Amino acid sequence: MAGTNFFIKILSCMVSIKEFSETRNVLQIFGIKIKYPKREFAKKKKQSPYYFYKKYNIDITTLPPAEGQIRDIQLANLELLKELDYVCSKSNLKYWLDAGTLIGAVRHKGFIPWDDDIDVGMIREDYNKIIEAFSKYSRNPDIYAGFYRDDSRPSMYFIKVQHKKCKHLFVDIFPFDIYGKALSLKEQLLATEKIKKIRQKIESSKTKLSDLELKQKTEFLMKNEILTNDIPKNLEDTDIVWGIDFRHSWKNWFTNYNVIFPLKKIEFEGIEFFTMNNPEAFLRRLYGDYMAYPKKIGLGHSALKNLSEEEKDVIKNLIEGQK
């Protein structure tokens, strides 16, 4: 009996299930963490009409927009993006639609129907100025840019555009750095593996770093262990690389300068925002066939969250402000 209790105690140390968020749990097995939706939310995800559209291979470009809470959050987040666009125009800073938001713009001319957040990219020189620019130019005192650190992922420290009265509204800003030279595809993949190991140095640190310490360490590692620090006169001769501020899951963190610059405009929810020079090339490298249905169809970050009455009012007022 004592042996059985000892075995159970050892097993409980190696395998555990904890709450990760309002809608997800996390299973940890031998140090490996696997996030999965709670039962009631998994059931709601399966009831998504987009699984029906996928099953019958309905043209993905013809899908109707989202409805209900997820649509409300989309439209409220759109206001945050509009404010970012305004602040950047007033302060002469550059941004571009990135990741899933870019897919939405190219494929749906708006949000991916089952996605509710917004992703943009910025070169670090401009990224480092956006917080001060918001404090100077934002037309809405409740919309601001600030560093964000998730309690569940404390080693990631990056900037979001947020709303003071609704934590479920945000625009993620991912910093990009000028690498210093252009690499072949093979060299990019090898360099990405090196970068991921450097990123792991931050994640494996047993010392909990303060916000300032984490920011300084991230920028030190980028400058001294990743970038060549040799900026060519012709920027077309260099690659752009994601900053290690955020743990990206992509196999290749590099993009040629010409793919991103010069920036151009693209329609998103009936409004023109800045995008990359060659968004199709960027999306093909990240997602493969980005015009096809994904293997899994989610329901956004906040579609199933329980909103307070104040948060509902914030979202409602932002949407009504569009009319």
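Trainee: What share of the contacts with a separation of 6 or more comes from residues 24 or more positions apart?

Mentor: In this protein, 66% of them. Contact means heavy atoms within 4.5 Å. The model is predicted, so local features need pLDDT of at least 70 and side-chain atom pairs pLDDT 80 or more, while totals for chains, interfaces and linings use all residues. Residues are numbered from 1 along each chain as its sequence is written, and side-chain values use heavy atoms, with hydrogens and water left out.

Trainee: How many helices and strands are there, and what makes a run count as one?

Mentor: Twelve helices and twelve strands. Both are DSSP runs, numbered from the N terminus: helices are H or I with at least four residues, strands are E with at least two.

Trainee: Why is Asp237 called partly exposed?

Mentor: Its relative accessible area is 45%. Buried means under 20%, exposed over 50%, and partly exposed in between, with a 1.4 Å probe and protein chains only. So 45% puts Asp237 in the middle class. By that cut-off, 44% of the 323 residues count as buried.

Trainee: Where is Asp237, and what does it touch?

Mentor: Asp237 sits in the loop between α9 (211-226) and β9 (239-242). Leaving out residues up to four places away in sequence, Asp237 touches Lys181, Ala182 and Pro232. Lys181 is 56 residues apart from Asp237 along the chain, yet their C-alpha atoms are separated by 5.9 Å.

Trainee: Why is α4 called roughly perpendicular to α7?

Mentor: The axes of α4 and α7 (residues 130-137) cross at roughly 95 degrees and come within 9 Å. That angle makes α4 roughly perpendicular to α7. The classes are: under 35 degrees roughly parallel, over 145 roughly antiparallel, 65 to 115 roughly perpendicular, the rest oblique. Axes are lines fitted to C-alpha atoms, for helices over the stretch in contact, and angles run from 0 to 180 degrees between N-to-C directions.

Trainee: Which residues meet there, and how do they divide by class?

Mentor: From α4 come Glu83, Leu84, Tyr86, Val87, Cys88, Lys90 and Ser91; from α7 come Ile130, Ala133, Phe134 and Tyr137. The contact of α4 with α7 divides into eight nonpolar, one polar and two charged residues. Nonpolar covers Ala, Val, Leu, Ile, Met, Phe, Trp, Tyr, Cys and Pro; charged covers Asp, Glu, Lys and Arg; the others, Gly among them, are polar.

Trainee: What makes α5 mostly covered?

Mentor: Nine of the ten residues of α5 (residues 99-108) are buried. Among them are Leu102, Ile103, Arg107 and His108. Their cover includes β4 (96-97), β5 (118-123), β11, β12 and α11 (279-287). Just after α5, Lys109 takes a positive phi of about 60 degrees.

Trainee: Why is the peptide bond between Phe261 and Pro262 called out?

Mentor: That bond is cis, with omega about 0 degrees. Most peptide bonds are trans. Pro262 lies in the loop between α10 (257-260) and β11 (264-268).

Trainee: How many cavities of 30 Å³ or more are found, and what makes a space a cavity?

Mentor: The search finds one. On a 1 Å grid over the protein atoms alone, a cavity is a set of points where a 1.4 Å probe fits but cannot get out; lining residues have an atom within 4 Å of a point. Points are joined across faces, edges and corners, and volume is the space filled by probe spheres set on them. The largest cavity has a volume of about 50 Å³.

Trainee: Which element gives the most to its lining?

Mentor: α9, with four residues. The lining has four nonpolar, two polar and four charged residues. Thr218 is one of the lining residues.

Trainee: How do you know whether Thr218 is buried or exposed?

Mentor: Its relative accessible area is 4%, so Thr218 is buried. Thr218 belongs to helix α9. Past four places in sequence, Thr218 touches Ile202, Ile244 and Asp245.

Methods: On a 1 Å grid over the protein atoms alone, a cavity is a set of points where a 1.4 Å probe fits but cannot get out, and a pocket is an open set with protein on both sides within 12 Å along at least five of seven lines; lining residues have an atom within 4 Å of a point.
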